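Student: I would like to go through the labels used for this model and ask what stands behind each one.
Tutor: Then let us take them one at a time.

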Amino acid sequence: SAESFLWGSTTMGGDIFITSPYLKFINGGTLDTSSIDAGNSGNISLNVDSLELSDGGVITASIKDGEGRAGDIIINASEHVKISGQNETGISGIRAETENTDNMAENLLSINTPELLIDGGYISTESRYSKNSGDIILDCRKLDLLNAGHINTELLYGSGMAGDISILNTESVLVSGISETDKHELTATEIFSSVYHSPESQ
């Protein structure tokens, strides 16, 4: 796990840069930049051949109760990005979160790779009690979204707009499958942008 953390400051959290042929976060492994009651959280920049998140592996940039913004997440993978599985702590995914801030500046979650596989995992930007949620840009030739995986931008109880989702330069996009929860409820595989209890919506 790797982490950059800022608490109770008006400055910025540190950025995380990783360059590696192969990068994996498995069994709850995390990469995180976060800010609580402070300034901007740090950015995450990954330049790899392949990135894999499985069995609860998570990449997160977040801010709560501050005056700044969540950091950008920029991923360049020359071969593939794969997100799959879960463990007792949660589902594998990549997310940017903003909670209880007044800053209008939304963040960016960008992935550039030939092949992107999301099998039961997620890519998400979410804003709660705040302004706009961040945008998602996926530049990939092949996108497979399977088995209740989802790509989403959400604004919950805020006053702005949910972010845009852009899927660029694709040759094929596959969205397929459902999953059954422990409560025997069915969950769909989805790409969506949503606003809840907000005076503005896209």
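Tutor: A salt bridge is a side-chain nitrogen of Lys or Arg within 4 Å of a carboxyl oxygen of Asp or Glu. The model is predicted, so local features need pLDDT of at least 70 and side-chain atom pairs pLDDT 80 or more, while totals for chains, interfaces and linings use all residues. Residues are numbered from 1 along each chain as its sequence is written, and side-chain values use heavy atoms, with hydrogens and water left out.

Student: What makes the meeting of D144 and K142 a salt bridge?
Tutor: The N to O distance between their side chains is 3.8 Å, and the limit is 4 Å. Side chains of opposite charge can pair when their charged atoms come close.

Student: How many salt bridges does the structure hold?
Tutor: There are 2. R95 and E97 also form one, with their closest N and O atoms 3.3 Å apart.

Student: Why is D144 called buried?
Tutor: Buried means under 20% relative accessible area, exposed means over 50%, and partly exposed is in between (1.4 Å probe, protein chains only). D144 has 16%, so D144 is buried.

Student: Which label do K142 and R95 get?
Tutor: K142 has 35% relative accessibility, so K142 counts as partly exposed. R95 has 25%, and therefore R95 counts as partly exposed too.

Student: What does β5 do with strand β9?
Tutor: β5 pairs with β9 (residues 93–99) in the parallel sense over 7 bridges. In β9, E97 is the bridge partner of S62.

Student: Which strands does β10 join?
Tutor: Strand β6 (residues 73–84) runs parallel to β10, with 4 bridges between them. Strand β13 (residues 135–139) also runs parallel to β10, with 5 bridges. S110 in β10 stands opposite I74, and S110 also stands opposite I137 in β13.

Student: Why is T33 called buried?
Tutor: T33 lies in strand β3 (residues 30–36). Its relative accessibility is 0%, so T33 counts as buried.

Student: What does the side chain of T33 reach?
Tutor: The T33 side chain reaches the backbone oxygen of G42 at 2.7 Å. A polar contact is a pair of N or O atoms within 3.5 Å; within protein, one must be able to donate a hydrogen and the other to accept it, and residues adjacent in sequence count only if both atoms are side-chain atoms.

Student: Where is T113, and is T113 buried or exposed?
Tutor: T113 sits in the loop between β10 (108–112) and β11 (115–119). With a relative accessible area of 2%, T113 is buried. The T113 side chain reaches the backbone nitrogen of H80 at 3.5 Å.

Notes: Helices (H or I, at least four residues) and strands (E, at least two) are DSSP runs, numbered from the N terminus. Two strands pair if DSSP finds at least two bridges between them.
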